[in-house]
Amino acid sequence: MAHRPSKKLSKKFRKTLLGGGAVLVLAALNAPAAVSFAEERYHAYKIAQPGYQRRFGSWTEVAVPDGYRINAIHAALLHTGKVLLIAGSGNSQKNFDAGTFETVLWDPVKNTFKKIPTPVDFFCSGHTQLPDGRLLVAGGTARYEILDGEVKRAGGGMRVKNESPDKAVTLKKGTVFRSPSGVEYVSRFDVTVPRAKREFAISYFASGQMKPWTTKVTAAEARVFVEAREEGPQALTTEAAQYEVVGLKGEEADNVYGLAQKLTTEKQDFQGIKGAYEFDPKAEKYIPVAPMKDARWYPTLVTLDDGRVLAVSGLNDVGDVVPGDNEIYDPVTKKWSKGPFRYFPTYPSLFLTQGGKLLYTGSNAGYGPAEKGREAGLWDLEKNSFTKLGGLTDPDQLETSASLILPPAQNQKVMVLGGGGVGESPRSTARTSIVDLSKDSPVFTDGPALPQGTRYLSSVLLPDDTVFTTGGSEQYRGRGGSDILKAQFYDPRSNAFTEAAEPTVGRNYHSEALLLPDGRVATFGSDPLFDDKDNTRLGTFEQRVEVFTPPYLHRAGADRPVLGEGPRELDQNGRATFKTKDAGRIATARLMRPSAVTHTTDVEQRSVELGLTKGRDGMTLTVDVPRDRTLVPPGWYMLFVTDADGIPSEAKWIQVEPGR
């Protein structure tokens, strides 16, 4: 919300503004320009005043050196206090074709930057915090989309069959498949087809004598994307057919073949990869782990109460939304196993709730039919049952909406903010909705409206139990110059928004925001389609980094509560004791899980209320962490304490281990 400048100017400011003769000349020649100039100068003066900043906060642009500015598609806070900014190819076909994949590690304390070798294209991957503090990154881009009218070679998904029960078959990228009419198609990726399944059966004659063994062989199958070798309409086919694999001989040629329903020049969507890596914050490098069974682009990864990770949705290796084949990663074995089957559109917002069920808020980032998988509900993983939750206003405008567990997590209230219509819809909503999962029959109820319809809103939990929301745009990817240079605070206690200082950098698609250990909020990215209101000038990716300093830090000055020496992990009773001379003024303590955010999707962040015990000498403070791992998933957390005025300490990092 904009602040109207006062009509009365201070004597000091009048001197600054009118002291130069050039300004007086400008005023005489062009009065409107002079007024605009004066308003801008006054606004800059006003927002720099301590009184304003104590009420609304302030913004500062980070100085990013040349060579370290990247298209930040993903941002994750590590337990070292550094922020991992992942671009991959950064939504650049040129970078993708050149194999230029980027990651930068930013130290907010020293404001230093380090380039990290990036092994694959993590553009539009999924990520989550692991119990030991590593970041699991899975999926990404295998192939960029080609839009309608630009597809020159017919292509599509080919199902490769293997009828041999004796061995698996690997077909390298570039393998040729030939149709019955002689048209040839080339595979764009390696594909391995497992060996066929052989089953033995015993049967008996009527006399009771055993018949000879019978054997049943079921062909194995894998998918691969293929393109016609030649351009032109002669390769189009809408009929199912079997394709021979060129180069195979004898029995292998009989056992291995391709099947395709249609191969066309319709739009070809992005395709995902199966690769998975752990980023080690100490070694500061990516470490490969077992790949997923399914390729995934735009997947959601969510850590479960036992420390394992569920991977859901995404576009697969032929560009289709994964139909419901979800996977679970075990950080101990570094391997994946089959998860419960359920369909979701891409980047679904899934939150671990108390008791172990996952809440799907309906928030998602696109890709998938408008009529499928869009309804909010509670997912019981053990029973694989899904209970729909009603009450959402504008349920057809949940794409690109924000979702988060409101603080403290014990209250089990989850909020959905803004969003828009499916795909490139120009629609957006100012709706917020809240569901109280502690009730027997929870339903969503409307919260206070945002100032205007908003997509891509960044929403960040703060240690004073408020939510900071910023940026977004009213239209799809900021079309029509619709970026929203506004920010606000939501207070769950009053169920109301209040104004915050306005950002200077617009943030829409491919933007992120996260809480730093010092209590500030960092914002990154933005990928507008156009840079002007008339939609005539192509947009450029926003590489500036801007940091918001909340009012509580301006009110505090140098007088913040301080936690001194203490452990980095909990004792057997779930407690940790810290030295502090400020024990008497400390009113609350919160464990805050670090963010891993992309595409307005951050299922990691949560704020957990802790019990407090103050030492008799007033020089120690003991925090008591809930033992329920569905409330406090294992991993590293920021421990903040705040005083009665809501002023937080700097965070201490503490580890919550599985099973405690």
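## Cavities, strands and rings

The largest cavity has a volume of about 100 Å³. A cavity is a set of points on a 1 Å grid over the protein atoms alone where a 1.4 Å probe fits but cannot get out, and lining residues have an atom within 4 Å of a point. The volume is the space filled by probe spheres set on the points, which are joined across faces, edges and corners. The model is predicted, with local features needing pLDDT of at least 70 and side-chain atom pairs pLDDT 80 or more, while totals for chains, interfaces and linings use all residues. Numbering starts from 1 along each chain as its sequence is written, and side-chain values use heavy atoms, without hydrogens and water.

Six cavities of 30 Å³ or more are counted. The lining of the largest cavity includes A402, L457, S511, V597 and D602. At least two lining residues come from each of β30 (402-405), β34 (458-461) and β38 (511-515); strands are DSSP E runs of at least two residues, numbered from the N terminus. By class the lining has four nonpolar, seven polar and one charged residues.

β34 also belongs to an open sheet of four strands, ordered β34-β35-β36-β37 with antiparallel pairing. Two strands pair if DSSP finds at least two bridges between them. β34 and β37 (496-500) are the edge strands, each with a single partner, so one side of each has no neighbour in the sheet. From one strand to the next, the twist averages 25 degrees, taken between N-to-C directions of axes fitted to C-alpha atoms, on a scale from 0 to 180 degrees.

Within this sheet, four bridges join β35 (residues 467-470) to β36 (residues 487-491), and V467 has Y490 as its bridge partner.

There are 30 aromatic pairs in the structure. Rings of Phe, Tyr and Trp (its six-membered ring) pair if their centres lie within 6.5 Å; planes under 30 degrees apart are stacked, over 60 edge-to-face, the rest tilted. Two pairs are listed below.

| Pair | Centre distance | Plane angle | Class |
|---|---|---|---|
| W106 and F113 | 6.2 Å | 15 degrees | stacked |
| F122 and Y286 | 4.9 Å | 45 degrees | tilted |

F122 lies in the loop between β5 (112-115) and β6 (126-129) and Y286 in strand β21 (residues 285-289), so their pair ties together parts 164 residues apart in sequence. F122 is buried at 0% relative accessibility, and Y286 is buried at 9%; buried means under 20% relative accessible area (1.4 Å probe, protein chains only), exposed over 50%, and partly exposed in between. W106 and F113 are buried too.

Note on methods: On a 1 Å grid over the protein atoms alone, a cavity is a set of points where a 1.4 Å probe fits but cannot get out, and a pocket is an open set with protein on both sides within 12 Å along at least five of seven lines; lining residues have an atom within 4 Å of a point. Ala, Val, Leu, Ile, Met, Phe, Trp, Tyr, Cys and Pro count as nonpolar, Asp, Glu, Lys and Arg as charged, and the others, Gly among them, as polar.
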